[in-house]
Amino acid sequence: MSFREKSAWIALIAYGVVFGGYFYTLWQGWGDRYAQGLSIGLMAGAVVMLVIIAAALTIVAALFNPKAANAPADERERTIDLKAERMASYTLSIAVVCLIGALLAGWNGILVANLLLASLVISELVKALAQIAYFRAGA
Amino acid sequence: MPIENEIRRLRFEHGEMTQAQLAERVGVTRQTIIAIEQNKYAPSLEAAFKIADAFGVPLEQVFRWAPK
């Protein structure tokens with residue numbers, strides 16, 4: 001497995017675990033607290049956790065193969081990255097358009113902000129999954 | 001992929017050159033050489049010329065157009 005495929009797995013795990021936990025906690029406490037905007041601390045904590053987990057896993061992966069970690073992406077890896085990025089951007093664009101509609105329809109602003117965050121997370125998951133699929137398929 | 005190649009045979013004829021050694025000479029990852037060798041990825045013209053150069057043969061002795 002190449003270093004960049006490992007990076008995609010790391011992104012998938014880090015985003016899945018951290019924001020899975022974040023949205024589960026938000027869901028559990030939505031009626032009591034978070035609908036009024038008290039999720040900022042939770043959100044900041046999730047971002048910090050994401051950075052820590054992703055950095056730690058990337059460092060471990062780099063320690064096993066420092067040469068590959070320091071090498072620039074080759075043409076196939078760049079192509080895979082572009083294809084995955086395109087799929088992620090389609091996902092995010094569709095979600096943003098839908099959420100603009102939700103705002104205009106009078107949805108709770110905190111809810112829309114969290115749905116926007118969920119869209120960002122989903123687009124990152126789509127990117128990581130697409131990268132893994134392309135790496136597994138060959139291109 | 002409608003592009004076939006002779007990389008496996010050429011590696012064999014060049015002293016069992018490893019995929020890692022070829023990757024090093026071409027400037028790509030070993031996984032990319034594997035993908036090219038298995039006809040799963042069509043390399044850029046530059047990478048194709050570098051592969052041919054690594055074996056010291058013309059491009060057409062490494063790759064051929066093989067539409068299904």
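Which residues of H5(A) are buried? In H5(A), the buried residues are Asn114(A), Ser123(A), Glu124(A), Lys127(A), Ala128(A), Ala130(A), Gln131(A), Tyr134(A) and Phe135(A), where a residue is buried if 20 or more other C-beta atoms lie within 10 Å of its own, exposed if 12 or fewer, and partly exposed in between, with C-beta atoms placed from the backbone. This is a predicted model, in which local features need pLDDT of at least 70 and side-chain atom pairs count only at pLDDT 80 or more, while totals for chains, interfaces and linings use all residues. Residues are numbered from 1 along each chain as its sequence is written, and chains are lettered from A and ligands numbered from 1 in the order in which they are written.

**Chain A as a whole**

- Chain A has five helices and zero strands, these elements being DSSP runs numbered from the N terminus (helices are H or I of at least four residues, strands are E of at least two).
- Read from the N terminus, the elements of chain A follow the order α-α-α-α-α, and the C-alpha trace of the chain spans about 50 × 30 × 20 Å along its principal axes.
- Of the 139 residues of chain A, 22% count as buried.
- When contacts in chain A between residues at least 6 apart in sequence are considered, 85% join residues at least 24 apart; two residues are in contact if their C-beta atoms, placed from the backbone, lie within 7 Å.

- Helix H5 (residues 109-137) of chain A has 29 residues, which at 1.5 Å a residue should span 42 Å, and its end C-alpha atoms are 41 Å apart, which agrees; the expected span is 1.5 Å times one less than the number of residues.
- The cover over the buried residues of H5(A) includes helix H1 (3-29) and H4 of chain A.
- The axes of H1(A) and H5(A) come within 9 Å and cross at roughly 155 degrees, where axes are lines fitted to C-alpha atoms, for helices over the stretch in contact, and angles run from 0 to 180 degrees between N-to-C directions.
- H1(A) and H5(A) are therefore roughly antiparallel to each other, given that angles under 35 degrees count as roughly parallel, over 145 as roughly antiparallel, 65 to 115 as roughly perpendicular and the rest as oblique.
- Residues making this contact include Trp9(A), Tyr15(A), Phe19(A) and Phe23(A) of H1(A), and Val121(A), Leu125(A), Ile132(A) and Phe135(A) of H5(A).
- By class, the contact of H1(A) with H5(A) divides into 15 nonpolar, three polar and two charged residues, with Ala, Val, Leu, Ile, Met, Phe, Trp, Tyr, Cys and Pro counted as nonpolar, Asp, Glu, Lys and Arg as charged, and the others, Gly among them, as polar.
- Just after H5(A), Gly138(A) takes a positive phi of about 115 degrees.

**Helix H4 of chain A and the contact with chain B**

- H4(A) has 30 residues and reaches 43 Å from its first C-alpha to its last, close to the 44 Å expected at 1.5 Å a residue.
- Arg76(A), Glu77(A), Ile80(A), Ala84(A) and Ala88(A) are the buried residues of H4(A), and they pack against H1 and H5 of chain A together with H3 of chain B.
- The contact between the chains takes eight residues from chain A and 11 residues from chain B.
- Helix H4 (residues 75-104) of chain A gives the most to the side of chain A that touches chain B, with three residues, and that side has two nonpolar, two polar and four charged residues.

- Val51(A) is found in helix H2 (residues 40-64) of chain A and counts as exposed, with 12 C-beta neighbours inside 10 Å.
- Ile40(A) also has its place in helix H2 of chain A, and with 11 C-beta neighbours inside 10 Å it counts as exposed.

**Chain B**

- The axes of helix H2 (residues 19-26) and helix H3 (residues 30-37) of chain B come within 8 Å and cross at roughly 105 degrees, and H2(B) and H3(B) are therefore roughly perpendicular to each other.
- Glu16(B), in the loop between helix H1 (7-13) and H2 of chain B, has a positive phi of about 50 degrees although it is not a glycine.
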